[in-house]
Amino acid sequence: MLNNKIIINVGRQLGSGGHDIARMLAMDFNAKYYDKELLNLAAKESGFCEKFFEQNDEQRGFLRTLFHLHAPHMGDNNMYSNDFSQENLFKFQSDAIRKAAQESSCVFVGRCADYVLRDYPNVVNVFVTADMDFRIDQVMHKQNIGREEARKFIENGESKRAAYYNYYTGKKWGHASSYDFCIDSSKLGLQATEHIIADFIRKYLDLD
């Protein structure tokens, strides 16, 4: 492998443990981990308030009502300050992803990083799924909510996430053809799933 930097993009169903698996992968490959951290990077790059990125995170439609209001930003010289749109938020975040990928090995969670970095070398795209009962149990525990509420939380969240991904990438969120490797974390548990993904990455990128 000529370029010693590697990029791992992790897509995930809600409650599948994708975040935890991505963190383990980052440790395994001595890579930087980016999830919510991307929002802070994008805010710094754009000069706009981080809360706008947080409220628009992996979903479309929020800006249609919000941007009738004044959007606070840090500098009047920002090149996008007069055209603060949903597409520009995506551009700011994409720029932050590219900048991070150029600096070091990275593990990115969601946010269309697989599409943004599609032309970069040494990239592997993974999708983590799990059966619904497993995911409901995970969400109930983490959100401290009941089973039916957890199911609705998953369904609503994934609907927004899929719409966001499909719109910006032209691919289908969660569809096997959109990724290099897909795996069900509920079959063997998070640690064993991470080990399998790590083995695949080493072979796929010829790291052995």
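The model is a predicted one, in which local features need pLDDT of at least 70 and side-chain atom pairs count only at pLDDT 80 or more, while totals for chains, interfaces and linings use all residues. Residues are numbered from 1 along each chain as its sequence is written, and side-chain values use heavy atoms, with hydrogens and water left out.

Let's start with the whole chain. It has 10 helices and five strands; these are DSSP runs numbered from the N terminus, with helices being H or I of at least four residues and strands E of at least two. Of its 208 residues, 50% count as buried, where buried means under 20% relative accessible area, exposed over 50%, and partly exposed in between (1.4 Å probe, protein chains only). The accessible surface comes to about 10800 Å², and carbon and sulfur atoms account for 48% of that; such areas come from the Shrake-Rupley method with a 1.4 Å probe, and for residues only the protein chains shown count as cover. Among contacts between residues at least 6 apart in sequence, 67% join residues at least 24 apart, a contact being heavy atoms within 4.5 Å.

Now to the sheet. Strands of a sheet pair through backbone hydrogen bonds, either parallel or antiparallel. Here five strands form an open sheet in the order S2-S3-S1-S4-S5, with parallel pairing; two strands pair if DSSP finds at least two bridges between them. Strand S2 (32–34) and strand S5 (181–184) are at the edges with a single partner strand each, so one side of each has no neighbour in the sheet. From one strand to the next, the twist averages 20 degrees.

Follow strand S1 (7–12) next. Six of its six residues are buried, so S1 is largely enclosed by the rest of the structure. In a regular strand the side chains alternate between the two faces of the sheet. In S1, Ile-7, Asn-9 and Gly-11 are buried on one side, and Ile-8, Val-10 and Arg-12 on the other. Six bridges pair S1 with S4, and Ile-7 stands opposite Val-123 there. Four bridges pair S1 with S3, where Ile-8 faces Val-107. S3 (residues 106–109) is also joined to S2 by three bridges, with Tyr-33 opposite Val-107.

Helix H10 (residues 190–204) lies across S1, S4 and S5, running at about 165 degrees to S5. Axes are lines fitted to C-alpha atoms, for helices over the stretch in contact, and angles run from 0 to 180 degrees between N-to-C directions.

Arg-111 is buried, at 1% relative accessible area, and its side chain makes a polar contact with that of Asp-35 at 2.6 Å. A polar contact is a pair of N or O atoms within 3.5 Å; within protein, one must be able to donate a hydrogen and the other to accept it, and residues adjacent in sequence count only if both atoms are side-chain atoms.

Finally, look at Thr-169, in helix H8 (residues 147–169). It is buried, at 9% relative accessibility. A polar atom of its side chain lies 2.7 Å from the backbone oxygen of Tyr-165, and the side chain also reaches the backbone nitrogen of Lys-171 at 3.0 Å. Beyond its neighbours within four places in sequence, Thr-169 is in contact with Cys-112 and Tyr-115. Cys-112 is itself buried, with a relative accessible area of 2%.
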